[in-house]
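Please keep the structure open while reading them.

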Amino acid sequence: MSLVATCVVDILWPEVAVSTVRLLRRLGCQVSFPEGQTCCGQPAFNAGYREEAARVAACTLEALSGSEDEYVVTPSGSCAAMIRTVWPTLFADQPERQAAARRLAGRTYELSEFLVKVLRVDLRALGARFPATVAYHHSCHMTRELGVRSEPLILLDQIEGLRRRPLERADLCCGFGGTFSVKMPEVAEAMADDKLADFEATGAEYLVGADAACLIHLQGRLRRLGKTARVMHLAELLEQATRPGNAGGSAYDKRPASSADPVKGGAR
Amino acid sequence: MSGLRERVKAELANTEKRRASATATWGGHQATVQQWRRLTAERRLQSLRERARAARDEALNHHERYLRQFAENVRRVGGQVHFAADGAEAVQQVLAIVRQVGARLVVKAKSMVTEEIGLRQALTETGVEVVETDLGEYIMQLKGEPPSHITAPAIHLSEEHVAEVFRRSLGEEVPVDPQAMTALARRRLRSKFLSAEVGITGANFAVAETGSIVLVTNEGNADLTTSLPRVMIVVMGLEKLVPDWASLEPLITLLPRAGTGQNMTVYVTAITGPRRDGEVDGPEELHVVVLDGGRSRLLGSKYQDALRCIRCGGCLDACPVFRQVGGHAYGSTYSGPIGVVITPLLRGGEAWELPDLCSVCGLCTETCPVQVPLHRLILELRADRARGVPVPEAPEPADPAMPLPGFSEAEQWLFRLWAWAWSDPARYRASTWLASRLAMPAARDGYLAWFPGPLARWGQGRDFPAPAVKPFHARWAELQEEGDGDDPGRPVSPGPDRVGL
């Protein structure tokens with residue numbers, strides 16, 4: 001399968017893509033990384049700049065179309081939604097590219113969706129273990145554009161020791177919203193504060209999500225407010241929970257290496 | 001450019017208002033979600049929505065025919081129909097009727113379209129007393145403010161605040177108790193109903209088949225407005241049509257559920273013509289003012305879906321942005337997602353900034369009872385603004401009096417530069433290298449300590465990670481060496497991988 005790292009993860013949080021690769025390999029996948037990929041074009045598309053979005057998307061489309069891999073997988077609900085639901089409409093005046101985008105849309109998956117629907121993994125069989133309380137944040141495009149809502153929960157519930165705490169007002173956006181977060185920063189912050197208040201109310205140790213951009217926004221707010229809650233990408237959590245040394249349930253370090261801070265890099 | 005953001009900041013600073021609005025809208029949204037769950041469990045929601053949508057689409061797709069049929073039927077049962085191209089014309093038509101009647105007192109039921117055209121102010125300026133009779137709207141009139149929500153005008157006010165408004169405007173002490181306050185308003189309004197010469201309402205639906213006006217209300221004030229005064233005036237947007245009574249059924253089923261979470265409103269009133277011989281109540285004269293106000297331009301355009309809206313207010317309650325900023329931040333009659341969509345199209349000018357008030361979460365679209373793709377339309381508006389072409393597919397060119405302010409030059413150049421850089425893998429990689437190096441002096445503990453250019457607004461309330469010195473694409477070669485075997489202990493990119501570490 002081809003990995004789409006996404007620009008946000010590539011530049012700001014590479015550990016998420018590293019975790020994704022390790023996790024997928026552990027599950028028996030052959031992972032390739034089509035090196036011509038840049039970005040799916042979503043920031044420009046959502047801001048109204050469709051020509052610019054199409055130019056950038058075309059670059060990544062070309063990189064992915066060149067591969068004969070059966071699947072394209074990305075650790076981001078909103079980038080998967082962009083590729084699957086927007087790309088086929090983005091190249092309306094370029095028939096060849098549109099055809100390529102349609103073909104690609106049919107084989108592109110968000111990570112948790114891929115694990116549950118295609119690989120049909122059972123993390124219990126792998127002895128997955130992560131003794132902590134976790135609140136999962138449903139990101140908007142993943143939930144409503146892709147229709148992927150239960151998959152991350154199914155995976156989390158397969159992990160021994162993990163106690164999941166539901167977020168109140170789970171349907172509400174965290175306030176990231178692409179360029180919205182810089183055009184209306186005060187509103188974005190207020191929305192983050194609501195989400196973080198709901199997270200704090202759960203008493204969970206980790207705030208986990210499947211979209212790096214939402215998490216960087218929330219983590220950025222937490223850090224600015226001087227709070228120490230831990231934000232973690234689902235890919236990181238799944239990778240750490242399924243590490244072979246961890247499977248036996250032996251001396252597991254409860255402080256997962258890279259997750260105390262999503263972007264701070266791990267001392268592995 | 002800053003008008004919208006300044007309003008937003010001012011509203012965000014008003015904690016009391018925000019709390020009242022957020023609590024009430026969330027309650028409303030939860031009630032609607034419960035209704036949708038129930039209808040889903042009964043396997044009715046999908047088909048109700050599709051039939052509701054189809055009924056409205058039928059009326060919009062064949063608008064001329066249904067509007068003609070509606071007008072003919074209103075006239076057949078003794079009513080008069082007036083067509084107004086814009087708000088000013090509609091106001092003049094109403095003023096002319098009121099003048100002809102010689103009315104000194106007009107009672108109004110709640111109507112957003114009359115807010116849109118500024119009817120109350122216009123009437124007041126001619127010396128006519130106008131009284132809003134919907135409780136929320138009455139409170140807002142006393143307070144001297146526009147409504148903040150299309151179905152719940154005073155949603156942003158606490159009970160204490162309303163009591164204070166009553167004390168100040170009505171000169172009467174009233175306990176902070178909704179029942180007592182309602183009783184006071186009721187008492188004050190009763191004499192107005194009895195002495196008004198003209199009653200003005202909006203319309204929830206206009207049934208072409210019979211020329212009937214349908215009003216969906218809870219307080220009974222609309223029924224008094226339409227039955228006590230001698231003359232009744234209905235002001236409606238031209239999009240309010242439904243073909244027939246059968247097609248009204250799914251709409252009437254969904255509207256209260258989406259709006260207030262009720263199965264049914266207290267009153268659903270249909271008015272077909274003025275009082276006939278032998279009838280004991282109802283107005284002697286019935287006038288229907290049909291307002292275009294930019295709506296017909298949207299027929300047949302990619303924005304036609306927005307005309308399907310039945311003004312339930314469900315998208316306002318769902319919207320996480322409305323929840324924070326409230327209705328007044330929008331600076332327009334219609335707020336929330338539907339306001340963001342229709343205001344630029346109907347009003348133009350600086351209203352084109354409104355689509356910025358959206359995080360594109362899509363909860364509005366999911367909630368909408370008639371499947372208006374609200375967040376997609378907002379993206380269309382942004383795309384039109386970026387291109388500088390409003391309503392490109394509309395049959396007529398946009399009104400030249402409604403200029404379309406584009407995005408800032410700086411923003412446009414930024415996206416052009418971005419597209420140039422990231423449409424080529426080598427340039428993309430060079431840009432990530434450059435970004436991480438440029439960020440070095442600003443990086444502390446993996447985060448930026450100060451924020452360049454476009455990140456300045458991010459940085460005012462949130463930290464931002466420094467770009468990785470070794471991005472993922474630079475780690476791939478090592479990861480490949482790691483191979484498919486499980487070797488979790490092996491360090492990928494050892495050493496400090498981030499500036500400042």
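**Notes on the predicted model**

1. B:Thr226 is part of helix H11 of chain B, which covers residues 221-227. The model is a predicted one. Is B:Thr226 buried or exposed? Its relative accessibility is 7%. Because buried means under 20%, B:Thr226 counts as buried.

2. Which residues does B:Thr226 touch, once neighbours within four places in sequence are left aside? They are B:Thr201, B:Leu215, B:Met232, B:Ile271, B:Gly282 and B:Pro283.

3. Helix H21 of chain B runs over residues 472-482. Its buried residues are B:Phe472, B:His473, B:Arg475, B:Trp476, B:Glu478, B:Leu479 and B:Glu482. Charged residues are therefore found in this buried set, B:Arg475 and B:Glu478 among them.

4. Next, the nonpolar cores. In soluble globular proteins, nonpolar side chains tend to be buried together. The largest nonpolar core here has 208 residues. The members that touch the most other members are A:Trp87, A:Phe130, A:Ile159, A:Val187, B:Ile233 and B:Phe472, so this core draws on both chains. Helix H5 of chain A (residues 77-90) gives the largest share of this core, with eight residues. A second core of 23 residues is separate, and B:Ala203, B:Leu241, B:Val288 and B:Val290 are among its members.

5. Not counting residues up to four places away in sequence, A:Ile159 touches A:Leu123, A:Ala128, A:Arg129, A:Phe130, A:Leu237, A:Leu238 and A:Ala241. One of these partners, A:Phe130, is also listed with A:Ile159 among the core members that touch the most others.

6. Now chain A as a whole. Its secondary structure consists of 14 helices and seven strands. Why can chain A be called compact? A compact globule of 268 residues would have a radius of gyration near 18 Å, and chain A agrees, because its value is 18 Å. Along the principal axes, its C-alpha atoms fill a box of roughly 55 × 45 × 30 Å.

7. In chain A, 68% of the 268 residues count as buried. Of the contacts with a separation of 6 or more, 77% join residues 24 or more positions apart. The accessible surface of chain A is about 8,700 Å², and carbon and sulfur atoms account for 48% of that.

8. Chain A carries 32 positive and 32 negative side chains. The centres of these two sets are 4 Å apart.

Conventions. Residues numbered from 1 in each chain as written. Chains lettered and ligands numbered in written order. Predicted model: local features only at pLDDT ≥ 70, side-chain atom pairs only at ≥ 80, totals over all residues. Heavy atoms only, no water. Helix = DSSP H or I, 4+ residues; strand = E, 2+ residues; numbered from the N terminus. Rg over C-alpha atoms; globule rule 2.2 N^0.38 Å. Buried < 20%, exposed > 50% of the residue type's maximum accessible area, 1.4 Å probe, protein only. Contact = heavy atoms within 4.5 Å. Areas by Shrake-Rupley, 256 points an atom, 1.4 Å probe, with all protein chains shown as cover. Charge placed at Lys NZ, Arg CZ, Asp CG, Glu CD. Core = buried A, V, L, I, M, F, W, Y, C linked by side-chain atoms within 4.5 Å.
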